[in-house]
Each structure stands twice: as structure tokens, then as C-alpha cells.
Amino acid sequence: MRRTFAVAKRAQKNGMHPFGALLADANGEVLAEQGNGYMPDRDMTGHAERLLATWASKRYRPEQLAGCTMYMSAEPCAMCAGAIYWAGIGRVVYGLSEKRMKDITGNHPENPTLDLPCRTVFAAGQRPTAIIGPLLEDEAAALHDGAWD
């Protein structure tokens, strides 16, 4: 989890929103890391999780991704949960809950957070996605101190 926090901090240092994700294979080997990709184009869909799921789906077969875990600094939003589901990634582990993210950001125009748990999105699917989180939520929340003022 803390490695995703480091990715989020790096993203923020590079002018992005403080979100980070990484993908690990079934043996726990990190395959890739991804920070938020909002800038430079102000891409509202440039969430770290969505970008990483897209990358993974282009490089790995579904049977490999089913054994992978995506770790992320914050719970995947509905868009990102959908991307993770369609990529076929078998497990997600996250820090900050979407509900708490909404409390932090309010109605910020760059992050109009949906209070929709990823569990709800994944439960609507036809294949299982294991979900663990929130974990280290206070540390994950601290990444956003001053980010949405």
C-alpha cells in the first residue's frame, strides 16, 4: 500500500492529482506503477487505475490478469472499477474509501467524486473480483492534504 502512496506523492510532485496504483502478478512481483494522468491535457478519465488497467489489458492475457492484484492509494471510482473488471484483474486492494474521498474533495470541479463503492460495481459483474479495503486510510487521506483547496 505504501508503495502506491509513494507513486501518488510523485504524481503530485509532477503536477498531477495525488493518486497512485500498481499492478502485481500472482507471485507479488510488481509489473507496473501508474500515477494520475490528468495533466497536461486535463483528461478527466486519466485516473491512475484506469490507465493501468488499459495498459495491462493490452499486454497480458485474461487468465494472467485474473491472478493479478491492483493496489491503489484510493478506492477505484465507478469508471476505474469498470476498467479493472473489463481488463479481468482478479483482485483490488485500496487505501482511501470513495466515501471519505468525497468528504475530502467536496464538489471540486477536477474531482466530482461519486459516492459509489467499487463493491457495488464489481457485484454487478459476471466474474468475481476480490476486494480488500480500505487499508491505512488515514495515511491515504493525508496524501490529499491541501490538494483540493
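Predicted model: local features only at pLDDT ≥ 70, side-chain atom pairs only at ≥ 80, totals over all residues.
Trainee: In which sense do strand 1 and strand 2 pair?
Mentor: Strand 1 covers residues 20-24 and strand 2 covers residues 30-35. Five bridges hold the pairing. Its sense is antiparallel.

Trainee: Which residue in strand 2 is the bridge partner of Ala-21?
Mentor: Strand 1 and strand 2 form a hairpin with five residues between them. In the turn, Gly-28 has a positive phi of about 85°. Across the pairing, the bridge partner of Ala-21 is Gln-34.

Trainee: How many residues of strand 4 are buried?
Mentor: Strand 4 spans residues 91-96. The strand is mostly covered. Of its six residues, the buried ones number five.

Trainee: What is the handedness of the β-α-β crossover from strand 3 to strand 4?
Mentor: Strand 3, residues 69-74, pairs with strand 4 in the parallel sense over five bridges. Within that pairing, Thr-69 stands opposite Arg-91. Between the two strands the chain passes through helix 4, residues 78-87, and the crossover is right-handed.

Trainee: Which residue in strand 5 stands opposite Val-92?
Mentor: Strand 4 also pairs with strand 5, residues 130-132. The two run parallel, joined by three bridges. Opposite Val-92 stands Ile-131.

Trainee: How far from Glu-98 is the nearest side chain of opposite charge?
Mentor: Glu-98 lies in helix 5, residues 98-105. Glu-98 is buried yet has no salt bridge. A salt bridge needs the nitrogen and oxygen within 4 Å. The nearest side chain of opposite charge is that of Lys-102, at 9.2 Å.

Trainee: Which residues are in contact with Glu-98, leaving aside neighbours within four places in sequence?
Mentor: Two of them are Glu-75 and Cys-77.

Trainee: How many disulfides does the structure hold?
Mentor: A disulfide needs two cysteine sulfur atoms within 2.5 Å. For Cys-68, the nearest cysteine sulfur is that of Cys-80, 17 Å away. For Cys-77, the nearest is also that of Cys-80, 3.7 Å away. The count of disulfides is zero.

Trainee: Is Cys-77 buried or exposed?
Mentor: Buried means under 20% relative accessible area. Cys-77 has 11%, so the answer is buried.

Trainee: Which residues does Ala-140 touch, not counting those up to four places away in sequence?
Mentor: Ala-140 is found in helix 7, residues 137-142. Ala-140 is buried, at 0% relative accessibility. The residues touched are Phe-5, Ser-73, Gly-95 and Leu-96.

Trainee: What is the phi of Leu-136?
Mentor: Most residues other than glycine have a negative phi. Leu-136 is found in the loop between strand 5 and helix 7. Leu-136 is partly exposed, with a relative accessible area of 35%. Its phi is positive, about 50°.

Trainee: With which residue does Arg-42 form a salt bridge?
Mentor: Arg-42 has a positive phi, near 55°. Arg-42 sits in the loop between strand 2 and helix 2, and its partner is in the loop between helix 5 and helix 6. The closest N and O atoms are 3.9 Å apart, and the partner is Glu-110.

Trainee: Is Glu-63 buried or exposed?
Mentor: Glu-63 forms a salt bridge with Arg-61, the closest N and O atoms being 2.6 Å apart. Exposed means over 50% relative accessible area. Glu-63 has 54%, so the answer is exposed.

Key: Residues numbered from 1 in each chain as written. Heavy atoms only, no water. Pairing = 2+ DSSP bridges. Helix = DSSP H or I, 4+ residues; strand = E, 2+ residues; numbered from the N terminus. Buried < 20%, exposed > 50% of the residue type's maximum accessible area, 1.4 Å probe, protein only. Right-handed = clockwise from strand over helix to strand, strands pointing away. Lys, Arg positive; Asp, Glu negative; His and termini not counted. Contact = heavy atoms within 4.5 Å.
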